[in-house]
Amino acid sequence: MKYFIDNIASIIKGKWLVQHDNALIEQLLIDSRKLIFPQTSLFFALKGPRRDGHSFITQLYEKGVRNFVVSDTVDLSVLADANIIQVEDPLQALQNLVAWHRKQFNLPVIGITGSNGKTIVKEWLNQLLDDRFTIIRSPKSYNSQIGVPLSVWPLNEQHELAIFEAGISQPGEMEQLQKIIQPTIGIFTNVGEAHSEGFVNVRQKVNEKLQLFKHVQTLIYCQDDPEINSGVAALWQQLPNNKRFEIFSWSMVSEAVLHIRQVYKEENRTTITATYQQLEIGITIPFTDNASVENAIHCWCVLLHLQVPQEEITKQMQQLGPVAMRLELKKGLNNCSLINDSYSSDLSSFTIALDFLSQQQQHGKRTVILSDILQSGRSEKDLYAEVARLLQQRQVNRLIGIGERISHHQSIFQSAGIPDLAFYSSVDAFIKELHHIPFKDEVILLKGARIFELEQVDRLLQQKVHQTLLEIDLTAVAHNLKQFQQRLQPSTRIMAMVKAFSYGSGSYEIANALQFHRVDYLAVAYADEGVELRKAGINLPIMVMNPEESTFDVLVQYNLEPDLYAPGIFALFEDFVKKQGIQQFPVHIELETGMNRLGFSRAELPVVINSLRTPLFKVQSVFTHLASSEDRQQDAYTNQQGALYMQMVEQLQLVLSYPFIRHVVNTAGIIRHPQWHLDMVRLGIGLYGGDSFGEGGLDLREVSTLKSTIAQIKELKEGETVSYGRRGLVTRDTRIATVRIGYADGYPRRLGNGAGKMLVNGHLAPVIGTVCMDMTMIDITDISHVQEGDEVIIFGTDLPVKQVAHWAQTIPYELLATVSQRVKRVYFEE
């Protein structure tokens with residue numbers, strides 16, 4: 001369906017503050033960091049506990065957004081051609097709009113609620129029914145007052161089945177979600193302790209969740225839970241006879257529509273047998289945990305209700321795949337393994353995290369860093385007594401408690417016999433003492449609520465410390481950016497290349513500076529680089545130049561935009577988004593015009609054109625790489641590449657009904673080939689002070705200074721040798737200094753034996769002997785007043801990286817990009 005802004009104003013009963021045109025609206029936007037399509041987005045200025053969406057209106061307007069729903073008055077003088085609708089409550093308006101949208105469709109809609117298992121049941125149903133229906137479902141666990149409307153909005157005429165989650169945290173919320181989802185089939189997974197803070201007791205929580213199902217045709221649930229069973233019965237009795245739903249119950253202990261007779265667990269699978277319509281049937285799933293058994297039975301009931309043949313059900317259940325959850329396992333400091341689960345803090349999820357901790361056998365010692373558990377429904381004393389019991393059961397060696405509540409109950413953990421205990425009132429207090437706390441050869445579980453922002457601790461426990469420093473001048477970055485901006489038309493966008501750890505200069509810090517100075521796009525090499533930027537708060541669009549199949553889920557989760565450069569990767573990602581039920585996902589298309597590295601050739605272009613006829617992708621940009629933009633003798637070839645690119649772009653434009661960004665030139669091309677600036681340019685090494693083109697009169701500044709210190713000074717006699725292989729022969733009495741840098745830090749071995757030089761006290765000191773892994777020796781005989789501990793410049797303003805690269809017979813790109821991440825980065829701004 002198509003919605004124009006005047007339709008929407010009528011639906012949400014809003015008041016026009018200003019109407020410029022009747023814009024077509026396709027996307028609903030509530031987070032300025034997730035802006036993809038400014039022209040067709042409608043921004044709802046929601047007010048949260050920390051942020052007010054109204055404060056982002058001007059910023060979004062500058063990025064091209066022209067449609068807004070507000071509750072406060074806004075400065076219309078800076079929003080000249082905007083459409084602005086005023087309502088009493090933008091969140092209510094968002095929900096009302098999507099509820100109206102949902103009413104336009106008549107299809108089976110599965111609504112899922114419960115304390116646990118919602119996301120897994122939803123994902124498994126999608127796996128089981130994907131071959132039978134065109135399915136739309138909630139992305140990840142979008143089940144909140146905001147997440148549900150954003151999940152339902154993409155529903156369209158092509159969909160044959162919808163599956164949506166609904167989660168609540170306090171009374172009154174489910175009534176609104178019911179209006180938005182309007183399920184025809186309901187699934188009540190279970191009731192537990194998760195999100196119980198807003199409810200008086202379990203009965204109230206069950207009754208509130210059941211509001212989702214008051215208009216369903218069929219309700220699926222396990223009748224073995226007395227609270228759920230009595231709640232369902234009460235709701236059923238309250239409904240008029242002609243509006244009562246069909247009950248599809250299952251049970252392990254009594255007669256039900258699906259009566260589970262046996263659950264038999266083997267090494268890697270579980271076989272479940274049951275009676276249904278007086279027949280004995282069964283399934284086998286490749287899981288053995290109780291939660292998976294329960295979730296699979298809920299799915300089984302749905303398939304039986306939809307009259308999927310039992311033979312087909314049996315076959316598909318055997319092929320169920322795991323659903324990725326939020327626990328992250330990564331390498332930590334000092335040979336530690338780090339599990340990050342800093343998303344929630346209820347007792348149920350804590351138990352799951354402890355189970356995952358117990359599975360890690362690579363270390364003998366187990367440490368849990370735990371924040372206050374924000375869960376009501378029982379006394380704090382009983383709550384932390386249960387936590388202590390769980391820690392004791394999982395043989396946790398050390399507990400570090402963070403928060404006033406858990407600290408208040410530390411005597412409980414002492415009584416439980418946890419060997420090593422420490423408590424801190426806040427994350428800041430813990431971080432101040434972190435360098436005094438030994439972490440080595442252990443597995444660490446980081447567990448807590450989002451409000452504690454344990455991500456700070458996560459980063460510190462991964463941080464690598466090294467005495468060699470790479471200093472990055474953020475003022476120089478801004479200066480270099482401006483130098484290139486002055487060569488562009490105001491309408492030409494800039495994509496900043498921050499791949500390879502921003503050419504060795506760091507990731508978040510450089511990206512944050514570029515975001516502050518309003519570049520339009522970022523580009524990284526791999527998805528994990530983009531994830532780190534997203535985690536650090538970077539909200540600019542990010543292109544991933546080398547997407548891999550193993551990171552497709554990460555691309556979607558963190559709103560990263562892949563470069564699809566060949567038929568193989570295109571087909572793989574096309575299949576992935578189709579299975580995920582995603583449409584209009586932003587992608588970039590790379591064309592091969594003569595670089596002969598990556599990109600669709602002209603012969604392969606029909607493959608792309610045919611696939612782009614479907615609504616799975618939204619092409620953000622089409623680009624190519626110039627092979628020799630810096631070389632004047634290759635200008636004819638460069639122009640030939642540009643001409644071929646334009647021909648291929650014209651073919652793509654014929655099949656795409658919307659404009660996309662065209663970009664061709666890199667750093668050298670910005671200066672040397674202004675005719676190919678087009679819609680956007682890609683700025684890489686020039687940002688960091690590198691000049692590969694030698695013309696244009698740019699005043700570029702060195703951004704990075706790599707420095708170290710002298711570990712030891714030795715006095716050698718004539719004839720002695722230095723370093724491995726004894727190639728550093730001393731031909732006179734010589735004074736040498738050992739510097740704390742080696743090839744493991746990114747200092748090339750090619751600079752050994754006099755090829756390279758370092759700057760000491762303003763004087764050049766030649767490298768003597770072979771460069772070692774962690775150390776390099778230099779000859780300081782002719783430099784006076786040098787002492788152990790003195791600073792040594794490897795490259796920087798007074799010793800340009802271009803010069804050091806020349807000595808190493810390479811290019812500045814390589815030297816910058818290969819500075820090891822064990823080298824500590826220090827950022828400063830004048």
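Let me start with strands β12 and β13. In this predicted model, β12 covers residues 218–222 and β13 covers residues 246–251, and the two pair in the parallel sense over 5 bridges. For a position to look at on screen, take Ile220, which stands opposite Phe248 in β13.

A helix goes with this pair. Helix α8, residues 226–238, lies across β12 and β13, and also across β11, residues 185–188. The helix runs at about 160° to β12.

Now the sheet that holds these strands. What is the strand order? Reading across, it is β9-β10-β8-β11-β12-β13-β14-β15-β16. That is an open sheet of 9 strands, and the pairing is mixed. As a reminder, strands of a sheet pair through backbone hydrogen bonds, either parallel or antiparallel. Which strands stand at the edges? They are β9, residues 135–137, and β16, residues 279–285. Each of them has a single partner strand, so one side of β9 and one side of β16 are left without a neighbour in the sheet. From one strand to the next, the twist averages 20°.

Next, two backbone points. Most residues other than glycine have a negative phi. Lys13 is not a glycine, yet its phi is positive, about 55°. Where is Lys13 found? It is in the loop between α1, residues 5–11, and β2, residues 15–18. Is Lys13 buried or exposed? Its relative accessible area is 72%, so Lys13 is exposed.

The second case is Gln809. Gln809 has a phi near 55°, again a positive value in a residue other than glycine. Gln809 has its place in the loop between α26, residues 801–807, and α27, residues 812–817. Gln809 counts as exposed, with 72% relative accessibility.

Rolling a probe the size of a water molecule over the atoms shows where empty space is left. How many cavities of 30 Å³ or more does a search of the whole structure find? The search finds 1. About 30 Å³ of space lies in the largest cavity. On the lining, there are Leu706, Gly746, Tyr747 and Pro748, then Ile794 and Phe795, and finally Leu815 and Val819. Sorted by class, the lining has 7 nonpolar residues, 1 polar residue and no charged residues.

Key. Residues numbered from 1 in each chain as written. Predicted model: local features only at pLDDT ≥ 70, side-chain atom pairs only at ≥ 80, totals over all residues. Heavy atoms only, no water. 1 Å grid on protein atoms, 1.4 Å probe; cavity = no way out; pocket = protein on both sides within 12 Å on 5 of 7 lines; lining within 4 Å. Points joined across faces, edges and corners; volume = space filled by probe spheres on them. Nonpolar A, V, L, I, M, F, W, Y, C, P; charged D, E, K, R; others polar. Pairing = 2+ DSSP bridges. Helix = DSSP H or I, 4+ residues; strand = E, 2+ residues; numbered from the N terminus. Axes fitted to C-alpha atoms, helices over the stretch in contact; angles between N-to-C directions. Contact = heavy atoms within 4.5 Å. Buried < 20%, exposed > 50% of the residue type's maximum accessible area, 1.4 Å probe, protein only.
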